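This report describes a single protein model, moving from overall dimensions to selected local features. Please consult the sequence and the structure while reading.

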Amino acid sequence: MSQRFSLTVIRRSVQLFMFIFFVYGASVVGFYAADKISGALPSLSCAYDQMNADYCALIPLQHQFHHRLGAAVDTGNALQILMPVLTTLGTFLLLFVVLNKAFCGWVCPLGFFQEVMNIIGQKLGLRRVNQLTDATVDKIRPVKWLMLSGLVFGLPALTSLGFLSDEWGDPFCQICPSRILTTLMTGSHEQLFVDTSTPSYMVLSILGDFLFGLVIAMALTLRQPFCRICPMLALHAVFRKAGFARLVKKGTSRCDRCGLCADACPMDIRELQTEHNHTDKAQDITLADCTLCGRCVEFCPDKDVLQLRYLNQPIFSASPRYFKARKKAQTQWERVKLVEMPKSKVES
């Protein structure tokens, strides 16, 4: 990639296009084409948005476990649950192998929204949390797996088997911030409410409203707060070795002391610095929390230590020249503030 171009600018342009397409796409491709392009997108695009062009795999997975598992157990016919689940996962994989975890860093509407909120927070001069401690990151990392196993599979399965009431058939959708975000972006406030029809719906709707507000508040000062616990990130992690896009590293002894890649990472992946520092061959380091945003490659000062590859061909590599230009541009960007705060240790 030419040194004249910024990977971040390209990525955010792609994010903006995908945000518009997935939130308003039905008005372009038409309702029948949008219903649905796949129905199993590896990204949080919400079916509650009546104008969306596609919806995420977490929706059909919850519904299949909710509506089919109990029937499969009653009849002894495992195909009643296996076939729809395998069809959804198969469609998910057909899309996923194309971009791998870049669906998070380049496509997801909620991921883009959090980045925009973080930019707004920076321009307002808010005190930012540049990095979480290693101990905090270690405590947060298991949450995405609990969200996937509990909210996407566990509670819908228990509902189907009769242990819970029907309100718990799609619990992740009920609390997902993307449901409220995408519908609000189309001018509808139908999903921003408290449902008092049953105690369970009331609990879920309050949790959903609270989580949406919390994501907005946290995203102003912390990079990608919801991405860190997103069950879609966990589902991506399961299949990340199957994707064509990869982050690879051929580290040197300098990596032990540098750490610029880990500082740049919005997901606080410290392993970017600590792993594969003394190897003769580039190693795949597309880790579970990675979103393939490429910031670590942009801010690596050593030639070809980090690379984004597609089908094992380098498409963007670390470069001292690019690093200097990117660092200068970042410094100039961060100096621009909409509000000048009193002199204090405001995060850069």
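**Overall architecture**

The model is predicted. Its secondary structure comprises 17 helices and 4 strands. Along the principal axes, the C-alpha atoms occupy a box of roughly 65 × 50 × 45 Å.

Of the 348 residues, 50% are buried. Among contacts with a sequence separation of 6 or more, 72% join residues 24 or more positions apart. Charged side chains number 36 positive and 27 negative, and 12 Å separates the centres of the two sets.

How far apart are the end C-alpha atoms of helix 5? Helix 5 covers residues 79–99, and its 21 residues at 1.5 Å each should span 30 Å; the distance between its end C-alpha atoms is 30 Å, which agrees.

The buried residues of helix 5 are I81, P84, V85, T88, L89, F92, F96 and V97. An α-helix has 3.6 residues a turn, so residues three or four places apart point the same way. The cover over the buried residues of helix 5 includes helix 4 (58–75), helix 6 (102–107) and helix 12 (231–239). After helix 5 comes N100, which has a positive phi near 55 degrees.

**Two individual residues**

| Residue | Relative accessibility | Class |
|---|---|---|
| Q191 | 13% | buried |
| T136 | 31% | partly exposed |

Is Q191 buried or exposed? Q191 counts as buried because its relative accessibility of 13% is under the 20% cut-off. Q191 lies in the loop between helix 10 (177–185) and helix 11 (199–219). Leaving aside residues up to four places away in sequence, Q191 touches Y48, R179, I180, T183 and D209.

T136 belongs to helix 8, which comprises residues 134–160. With a relative accessible area of 31%, T136 is partly exposed, since this value falls between the cut-offs of 20% and 50%. The C-alpha atoms of T136 and M202 are 31 Å apart, and the two residues are separated by 66 residues along the chain.

Notes. Residues numbered from 1 in each chain as written. Predicted model: local features only at pLDDT ≥ 70, side-chain atom pairs only at ≥ 80, totals over all residues. Heavy atoms only, no water. Helix = DSSP H or I, 4+ residues; strand = E, 2+ residues; numbered from the N terminus. Buried < 20%, exposed > 50% of the residue type's maximum accessible area, 1.4 Å probe, protein only. Contact = heavy atoms within 4.5 Å. Lys, Arg positive; Asp, Glu negative; His and termini not counted. Charge placed at Lys NZ, Arg CZ, Asp CG, Glu CD. Expected span 1.5 Å × (residues − 1).
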